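Here is an account of how some chains of an assembly meet. Please have the sequence and the model open while reading.

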6 protein chains.
Amino acid sequence: MTANINASAQAIKFPQTKIVTVQPQSGPESIESFYDEYLAIPGILEQIILDTNSDAFILACWGDPGIEAAREITSKPVVGIAEASLYVANMLAAKWSVVTTLHRVRDMVEKTIQKTGLTDRCASVRTTKLSVLDTEQDRLATLDVLTAASRLAINHDGAEAICLGCAGMSGLEQQLEERLGVPVIDAVAAAVKMAESLVSLGKTTSKQLTYRLPERKVIKQYEEHFQAQNLYP
Amino acid sequence: MTANINASAQAIKFPQTKIVTVQPQSGPESIESFYDEYLAIPGILEQIILDTNSDAFILACWGDPGIEAAREITSKPVVGIAEASLYVANMLAAKWSVVTTLHRVRDMVEKTIQKTGLTDRCASVRTTKLSVLDTEQDRLATLDVLTAASRLAINHDGAEAICLGCAGMSGLEQQLEERLGVPVIDAVAAAVKMAESLVSLGKTTSKQLTYRLPERKVIKQYEEHFQAQNLYP
Amino acid sequence: MTANINASAQAIKFPQTKIVTVQPQSGPESIESFYDEYLAIPGILEQIILDTNSDAFILACWGDPGIEAAREITSKPVVGIAEASLYVANMLAAKWSVVTTLHRVRDMVEKTIQKTGLTDRCASVRTTKLSVLDTEQDRLATLDVLTAASRLAINHDGAEAICLGCAGMSGLEQQLEERLGVPVIDAVAAAVKMAESLVSLGKTTSKQLTYRLPERKVIKQYEEHFQAQNLYP
Amino acid sequence: MTANINASAQAIKFPQTKIVTVQPQSGPESIESFYDEYLAIPGILEQIILDTNSDAFILACWGDPGIEAAREITSKPVVGIAEASLYVANMLAAKWSVVTTLHRVRDMVEKTIQKTGLTDRCASVRTTKLSVLDTEQDRLATLDVLTAASRLAINHDGAEAICLGCAGMSGLEQQLEERLGVPVIDAVAAAVKMAESLVSLGKTTSKQLTYRLPERKVIKQYEEHFQAQNLYP
Amino acid sequence: MTANINASAQAIKFPQTKIVTVQPQSGPESIESFYDEYLAIPGILEQIILDTNSDAFILACWGDPGIEAAREITSKPVVGIAEASLYVANMLAAKWSVVTTLHRVRDMVEKTIQKTGLTDRCASVRTTKLSVLDTEQDRLATLDVLTAASRLAINHDGAEAICLGCAGMSGLEQQLEERLGVPVIDAVAAAVKMAESLVSLGKTTSKQLTYRLPERKVIKQYEEHFQAQNLYP
Amino acid sequence: MTANINASAQAIKFPQTKIVTVQPQSGPESIESFYDEYLAIPGILEQIILDTNSDAFILACWGDPGIEAAREITSKPVVGIAEASLYVANMLAAKWSVVTTLHRVRDMVEKTIQKTGLTDRCASVRTTKLSVLDTEQDRLATLDVLTAASRLAINHDGAEAICLGCAGMSGLEQQLEERLGVPVIDAVAAAVKMAESLVSLGKTTSKQLTYRLPERKVIKQYEEHFQAQNLYP
């Protein structure tokens with residue numbers, strides 16, 4: 001999956017951008033439950049802590065896992081692929097739907113949309129029988145399932161664009177768009193553009209209140225680089 | 001703090017209830033940022049995984065950290081102290097405020113209230129200069145700060161009851177209530193009652209969709225007991 | 001119906017609790033319209049006024065009729081069975097539905113949920129052809145109707161738990177739960193637990209603003225004990 | 001107060017309209033609490049039941065007490081003075097505030113606005129120290145209090161029009177408007193216009209679902225004319 | 001269409017009212033897109049600017065196009081037929097739907113309802129295959145399409161009254177009401193009543209903030225009478 | 001002002017981007033009322049109609065005037081500077097405020113935020129005494145007024161970033177950011193990045209429903225190029 005995400009990101013970036021795709025050292029193979037999400041977050045944050053070169057960070061899982069914490073530990077811009085895809089959809093369509101993996105993630109997806117603040121513009125969340133890893137294995141079958149779910153979103157829920165709600169679906173947007181006739185947004189590509197935008201604008205995350213550096217304290221059983229005091233310059 | 005929480009819980013429980021208070025093996029000393037919260041969650045979930053005796057679980061941090069995941073990994077009831085305190089407040093007052101620690105947690109607290117679904121009944125979130133650990137050190141000074149913030153909530157925001165938004169404030173509710181003349185809700189005590197209620201009702205968490213057991217998969221760098229397949233009976 | 005409610009309440013209470021079930025002296029046999037509800041309220045309030053022994057009160061009709069007034073006339077906790085069932089559902093499921101009587105009560109039920117403040121967590125209100133009294137007469141037929149409506153809520157609306165939206169349905173929760181495989185909440189039982197909780201917590205209703213004792217004035221054609229001045233200590 | 005309401009209504013009606021102002025036979029002198037409101041409703045409904053001549057009904061208390069039940073028991077239009085004043089305000093100003101009596105009614109007023117569905121257009125609810133009966137006794141003092149509260153609404157909350165939130169304030173709108181320089185809406189006058197409108201349009205209340213005639217049943221301790229079966233033609 | 005609107009307005013007005021129906025000098029034949037709406041607005045505003053006799057203005061297109069600007073350029077009351085119909089529906093039914101023209105206007109209609117502030121009371125927006133001009137050509141076919149859409153609104157969405165969402169449908173409300181058995185509101189008629197009401201109440205638009213006269217400035221390519229300075233007395 | 005906007009846009013664009021800044025042939029000098037906005041829209045749409053070279057369009061007025069119509073008449077991406085600035089703010093701060101011109105535009109600004117769908121993330125709208133043209137004349141005085149309003153937003157309303165709510169303020173963001181210590185977003189720059197992003201992603205506006213080409217019809221008094229039939233390929 002990381003290779004797939006990397007391919008999408010490299011393909012869409014501006015020439016002057018350099019993208020490095022990394023995988024957390026710890027956590028689940030894929031995120032399909034709150035449990036997966038919460039166990040993935042320390043590993044995601046660790047990658048940001050250890051990186052001293054990048055100008056911005058992209059969280060390449062559709063739930064934008066741990067994004068508030070990521071914004072606390074660095075002042076460099078952090079972009080979630082979910083929020084990025086919603087902004088792009090919002091500029092292309094009056095109403096859009098998110099089409100995604102297993103039925104069980106519906107609540108997780110709704111919470112992500114609500115966190116981003118765009119619930120009012122969302123036509124529906126359409127879940128499927130696809131696991132995250134399924135989306136990688138049989139691309140054609142995945143395309144068929146996404147086509148069916150998207151058609152329900154368009155015809156039944158009033159969607160006018162489709163957000164692909166999983167990084168594993170990256171690369172299918174073109175074919176799906178041809179089948180459906182409405183914009184289909186790959187969240188990874190959208191996030192690359194948003195990250196490039198924020199860097200180009202020279203903006204950094206607000207340290208005014210919510211996203212200040214974490215308070216200094218002992219964090220048991222976490223390595224030295226996780227200790228809050230070491231995050232301070 | 002754990003001792004303080006334990007004292008409050010033991011004092012309020014019904015005679016037939018047995019309460020065991022445990023501290024996660026990993027994570028921060030206190031939760032005052034999203035970073036703290038996310039790093040605390042694996043350790044919190046671990047305590048639930050390792051416990052095979054309890055009939056219900058209470059998450060004794062006001063943000064109800066990781067509660068959705070906790071509900072996935074067990075079918076026994078899981079109660080967050082934040083949600084419990086809001087339900088109690090809702091039965092005692094037309095509008096209530098949450099009075100809590102550092103100003104930076106405002107957004108975190110608002111998200112917790114929204115997750116519980118009770119934003120419309122909340123008069124305000126009043127943050128203070130108190131760190132979580134401050135609340136333990138000088139109880140009288142803490143009481144004074146809480147009194148001042150609560151009076152603003154009552155007189156300026158229209159609050160008719162006060163939810164103490166931090167487990168570390170447990171034990172101060174009685175004195176604060178005397179000073180203010182409105183109900184002051186200790187979240188730990190409220191959660192003990194909710195947990196006793198759910199056990200008495202014989203209810204278990206819905207495994208219909210959102211809170212099903214996590215999907216089976218490899219979770220890198222986490223010990224055996226965290227592996228999803230081991231959560232299955 | 002009162003006998004049925006009493007049986008449910010007695011069965012679920014903690015040993016140390018004593019429950020007295022009373023019927024208002026005036027008002028309709030059952031509540032299935034706003035007209036019924038409003039004509040029932042004076043009789044409900046009267047029972048609270050006349051009772052000097054109880055430590056808390058439960059309004060055993062799902063609309064929580066007159067609950068704001070009940071909270072004005074006593075400082076002892078007052079619990080509505082509707083709100084109690086929603087809090088319990090909220091702790092067991094990400095989304096829940098209310099399954100209830102006649103189609104005409106849909107708006108009344110939605111207003112009750114909104115008053116409690118939990119509209120965002122409600123998947124749907126599913127009404128049926130059952131009158132309140134029907135629910136008493138043929139329990140098996142009632143069970144079948146509730147099963148069908150609940151399945152629609154689960155499969156079509158995304159409910160993960162079911163709140164029984166009528167006191168008359170009390171006692172069917174166990175069988176319905178077995179049929180459906182999701183938590184089914186009996187509102188009467190939930191309210192008993194909430195009332196026990198509030199008494200155990202030693203809390204009383206806020207007299208700060210909304211729920212102060214009614215202003216002193218003449219109330220024409222109502223007996224002496226209804227006169228506001230007699231409510232004052 | 002009834003005389004005052006009558007004067008306002010007679011003064012504003014179209015020539016062809018005939019208005020009869022009646023007082024319920026039972027209930028409180030004024031409505032300043034939920035208790036007052038609920039005890040007033042049976043008497044209000046009775047007046048509608050007993051009236052066979054009118055083409056429409058106006059509930060002349062700002063909380064529109066029992067309006068849903070009133071709409072059940074007759075198919076003739078029923079207008080609440082609160083809702084009428086909000087519609088008028090909505091046509092005159094981008095945002096408006098409600099200025100009203102005792103501080104304790106804030107929650108009641110907010111619920112009335114929410115029931116009408118116009119919460120988003122409301123700038124604020126400004127309560128005062130005035131009881132309903134105060135508004136009758138010293139008109140000049142009342143005017144001063146309303147002026148002060150309205151100025152806060154305009155300058156602090158962004159109100160661009162004022163709704164007088166109590167029938168007892170009827171008759172003061174002209175003087176207040178002169179002082180404030182923004183539209184001031186007398187709810188009684190607004191309701192007369194809405195009732196005239198509905199009659200002129202030849203419309204009747206929907207009997208489709210929510211506002212059907214109450215279900216037939218025994219209503220204990222209420223006189224014959226209250227019995228639901230007698231409401232049927 | 002203007003003739004049709006005029007006929008409806010003349011038929012419903014009070015005897016003492018004089019109605020003059022005018023057509024803008026510029027703009028599209030009908031409004032079925034945001035493009036149509038925005039190109040119609042200058043011509044609509046021009047009619048108000050040029051009129052020095054009327055006591056109030058009605059915007060006879062269901063989107064209430066340019067109504068905020070209309071309220072800026074005159075202090076005389078301005079009523080939109082959309083908002084008027086929603087207020088009337090709100091007094092007759094617990095929930096109502098808007099049944100209207102082409103599917104593409106759904107978003108436009110939803111925005112109009114939201115602008116009026118009544119989104120919470122709306123059961124659904126039901127669009128059809130009818131263009132605005134279709135509604136004029138074959139009245140019986142139009143009636144059939146509206147009947148079908150309204151039945152979906154009633155049976156599927158829970159509507160208890162129907163608002164006709166296009167001025168071109170004016171005159172069909174009686175027949176549709178007979179077919180459906182629920183109140184059907186002609187927006188033109190509703191607006192006549194609201195305008196008569198505001199004039200009778202002697203109210204003018206608030207000039208406090210939002211609806212002040214436009215700031216003085218040059219408006220290129222618009223005739224003299226459009227220039228803001230000429231709007232000042 | 002156009003020169004100022006052009007300078008900001010040229011300064012921030014990627015090297016490969018070419019930006020052409022045009023002024024509508026008709027309409028007001030600046031937009032400070034709904035009247036100004038509506039009279040500006042035909043001229044704005046005309047520029048899009050007449051342009052056959054550009055890959056995307058930016059509406060450089062903070063209200064995103066006529067953006068829905070702009071999206072109808074072209075399939076090339078259209079970006080509003082208001083929405084663009086809100087997306088950028090949303091990625092940098094938990095809550096943000098819009099600081100803008102004259103007090104009278106408050107309602108217009110709130111409607112723009114609501115149309116974009118981000119009301120929940122907005123801390124406040126802070127208006128000032130500045131007219132649009134003022135912002136051009138005395139840049140230092142403008143900076144001082146914006147600083148004062150922003151500080152209120154930060155200290156009183158909880159804003160953690162500031163969106164400059166007027167294109168005329170473009171160029172002041174750097175100095176304001178230095179004074180305030182929180183991110184200040186120039187809407188013009190943000191929109192350039194969003195337009196570059198959409199073009200790079202190869203996306204076009206959805207023609208599924210809301211943003212289809214306008215229906216063919218006569219548009220009186222508008223030139224040939226405005227006629228809907230001429231918008232079709």
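Two residues are taken to be in contact if their C-beta atoms, placed from the backbone, lie within 7 Å. The model is a predicted one.

Begin with chains A and F. Their contact draws 38 residues from chain A and 38 residues from chain F. On the side of chain A that touches chain F, two helices, α4 (81–92) and α9 (187–201), each supply at least two residues. Of the elements on that side, α9(A) gives the most, with eight residues. By residue type, the side of chain A that touches chain F comprises 22 nonpolar, ten polar and six charged residues.

Next, turn to chains D and C. Here 38 residues of chain D are in contact with 38 residues of chain C. Several elements of chain D each supply at least two residues of the side that touches chain C: the strands β1 (27–28) and β8 (219–220), and the helices α2 (34–50), α3 (67–73) and α5 (106–116). The largest share comes from α2(D), which provides eight residues of the side of chain D that touches chain C. That side of chain D divides into 16 nonpolar, ten polar and twelve charged residues.

Strand pairing also links chains C and D. Strand β1 of chain C, residues 27–28, is joined to β8(D) by two bridges, and the two strands run antiparallel. Within this pairing, G27(C) has K220(D) in β8(D) as its bridge partner.

How values were computed. Residues are numbered from 1 along each chain as its sequence is written. Chains are lettered from A and ligands numbered from 1 in the order in which they are written. This is a predicted model: local features need pLDDT of at least 70, side-chain atom pairs count only at pLDDT 80 or more; totals for chains, interfaces and linings use all residues. Helices (H or I, at least four residues) and strands (E, at least two) are DSSP runs, numbered from the N terminus. Ala, Val, Leu, Ile, Met, Phe, Trp, Tyr, Cys and Pro count as nonpolar, Asp, Glu, Lys and Arg as charged, and the others, Gly among them, as polar. Two strands pair if DSSP finds at least two bridges between them.
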